[in-house]
Number of protein chains: 2
Amino acid sequence: MDLRDRRRKILKAVIESYIDTAEPVGSKTLADIFENAFSSATIRNDMSELEEMGYLEKPHVSAGRVPSYAAYRLYVNELMEKRHALSFEIEAMRRELENKLSEFEDLGLAASRIISAMSGQTGFSAVKTAGERVKRCELILCDDGHSYACVLLTGSEVKSRMIRLPFIVAPEDAAMLKAAINGCISENKLSLFLNMLARSVSAEEALFKLAEGVVRFIEETENESESVKLHVEGAEKILNMREFQDTRKARELMEYLSDKKVLSDILDSEDDTPVCIKIGPEIDEPRARDASFVFTTFTVDGARRGVVGIVAPTRMDYGKAIEYLASFRQAAKQLNPHKKTEE
Amino acid sequence: MDLRDRRRKILKAVIESYIDTAEPVGSKTLADIFENAFSSATIRNDMSELEEMGYLEKPHVSAGRVPSYAAYRLYVNELMEKRHALSFEIEAMRRELENKLSEFEDLGLAASRIISAMSGQTGFSAVKTAGERVKRCELILCDDGHSYACVLLTGSEVKSRMIRLPFIVAPEDAAMLKAAINGCISENKLSLFLNMLARSVSAEEALFKLAEGVVRFIEETENESESVKLHVEGAEKILNMREFQDTRKARELMEYLSDKKVLSDILDSEDDTPVCIKIGPEIDEPRARDASFVFTTFTVDGARRGVVGIVAPTRMDYGKAIEYLASFRQAAKQLNPHKKTEE
DNA sequence: TTTAGCACTCTCGCCCCCTGAGTGCTAATT
DNA sequence: AATTAGCACTCAGGGGGCGAGAGTGCTAAA
């Protein structure tokens, strides 16, 4: 039995036991786990070495050992057995995604709910609607005769809104308005157009109201598309965890999670691995010291991009989390009807 | 000084002091509040009467008194001084609502966020999109030449979705498809139509895919429209409160709040008062014993209806909560461009 | 290099006591 | 009859002391 190897085994066992029970792990417990292949004294020696190397910590002198953040990092990088997403899991995820997506329309909301429900942990998502411009608008007269459905097309999305008017606008006028607006969109002269229109018709007139509504909708859509939307779902789940029994810690984490600005910093730091892991202090934020974030980017329709992930105590089950997220990523890809799955 | 009157004053003072400090209130504190208009002994006598009447409770013998649920009920019904929504507050709320609404599009999400942010408490919302049928669909060819924006009109809403196709569908074919589908919508024969179509063209064909996409979108929209969507925002805020320092209580409440089914029960119980209040055990749910719900219905555009409210400990500031919600209600009404505000 | 044995340390739960806040009752006062 | 002063009583909460149990590090033997 190679010494290095035994130490790695011991470290792995400590981490896995701690993930499972949230209790510090003692030498005797470990000896049991290894069915006394080596004695508790041997294990004590190794553990004391591992402590010096910075992988283990003692809450106090007689409490067994707890993995350090460095240990978790080593664990996810090297020690952990990597499961890979099972096809039936991907399939379940895909169905769920399809359902929820039509139920919510909001991609981020759907993503965070699914991942939270499936993993039983707190889920989060950030979706940045890439800063796209509106390319074209359409106006559709509604059956009530005095409302128009305004439809905007960007490169990859449709958005629509009802514009209600106090009076009737003739379809011909609406058609003209549409043509005029579409003409101005490309040249970025919408507000100019609105000013011009204001001079030729009264501001009270329905046609003007319609124009105003359309222009505002376009502006809002373009502005919105630059923003990032964050969701946190199932926040109560992390409260069940041992480490957040301490009310102060729980509160601080909840606060951090609802602080959208800070959270988005983490997500910006995404690297190129499919599933990214941030362990405790790797996020530069004291309130998140005891939590880890596991997340992945995903695409739907090849265009709308997002980040979805799981927040849990640092002693979370990283293997499971990675598995769920990989499944989600795959599932989202399969939703895309006009591209083949690559990976 | 009429005795009845004094007792009411004392009860009011107990409640308000408790709302403020979350500490049981003793006779001496009260004597101070009344600037020794009556002695602590007198107050003790009255308090003991009030206790017998069920309005006050003792956590233990030497801890001062705490209002009972009945006391809060009496307070909101009779004792409390009713503030009314200030116009500048309504105005601020309206602006906020306009912003957020365009930012989120999701009415419920916007409502819960606004009310949570403004009140500094946990906010929630439930929006039922009244079970409306799709009346008409439109298809708009996108610039990429092989995607169609599918737009659905119900009586009061527009919904849109991009349908991407692997191949090109000729605009004439799309126009025909649209006409056919619109013909079938009113007679509820969509699935029949799809079957029929399947017989005349291959299921692989783009036209069929398009038809399928449209029909699915219609079905989803109609199903969705019967559902209720719930949001809870700023859940961490209630954790700051004294009464939820107890982790078990906090967890239970959070659990209850994320249990969408149960929460919707409360909301169904809305009565006809503009702002409805449910105090602790008035909700038949042990996990919510220590919380009160203050909520109101609102309408935007005269059509989309919802419920929005505040959850807080039973000792919340009911006056403020009511004020915020009344403001919100007003603000939502003013958003509606084609109806005059009535109230 | 591994293991058995042992003394040592520290947390945690328990009990006890003390203090302070607030009460209820009684008797005196208005 | 209503109010008030005075006093004995109760009880939660904090602090200190104590013992049990868990786990360690060290030493010496295998």
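User: In which helix of chain A does Ala70(A) lie?

Analyst: The model is a predicted one. In it, Ala70(A) falls within residues 69–79 of chain A, and this stretch is helix H4.

User: Is Ala70(A) buried, exposed or partly exposed?

Analyst: The relative accessibility of Ala70(A) is 37%. Buried requires under 20% and exposed requires over 50%. The value for Ala70(A) therefore places this residue in the class partly exposed.

User: Which residues does Ala70(A) touch, not counting residues up to four places away in sequence?

Analyst: Leu56(A) is 14 residues from Ala70(A) in sequence, with a C-alpha to C-alpha separation of 8.6 Å. With residues up to four places away in sequence not counted, the residues touched by Ala70(A) are Gly54(A) and Tyr55(A).

User: What is the handedness of the crossing of H6(A) and H13(A), and which residues of H13(A) make the contact?

Analyst: The crossing of H6(A) and H13(A) is right-handed. H6(A) contributes Ala111(A), Ile114(A), Ile115(A), Met118(A) and Ser119(A). By class, the contact comprises seven nonpolar residues, one polar residue and no charged residues. From H13(A), the contact is made by Tyr324(A), Leu325(A) and Phe328(A).

User: At what angle do H6 and H13 of chain B cross?

Analyst: In chain B, H6 spans residues 107–119 and H13 spans residues 318–335. H6(B) passes H13(B) in a right-handed crossing. Their axes come within 11 Å, and the crossing angle is roughly 140°.

User: How many disulfides are found over all chains?

Analyst: A disulfide requires two cysteine sulfur atoms within 2.5 Å. Cys150(B) is in no disulfide, as its nearest cysteine sulfur, that of Cys137(B), is 5.1 Å away. For the whole structure, the search over all chains gives a count of zero.

User: Are Cys276(A) and Cys150(B) buried or exposed?

Analyst: Cys276(A) has a relative accessible area of 3%, and Cys150(B) has one of 0%. The limit for the buried class is under 20%. Cys276(A) and Cys150(B) are therefore buried.

Methods
Residues numbered from 1 in each chain as written. Chains lettered and ligands numbered in written order. Predicted model: local features only at pLDDT ≥ 70, side-chain atom pairs only at ≥ 80, totals over all residues. Heavy atoms only, no water. Buried < 20%, exposed > 50% of the residue type's maximum accessible area, 1.4 Å probe, protein only. Left-handed = near helix turned anticlockwise from the far one by under 90°. Helix = DSSP H or I, 4+ residues; strand = E, 2+ residues; numbered from the N terminus. Contact = heavy atoms within 4.5 Å. Nonpolar A, V, L, I, M, F, W, Y, C, P; charged D, E, K, R; others polar. Axes fitted to C-alpha atoms, helices over the stretch in contact; angles between N-to-C directions.
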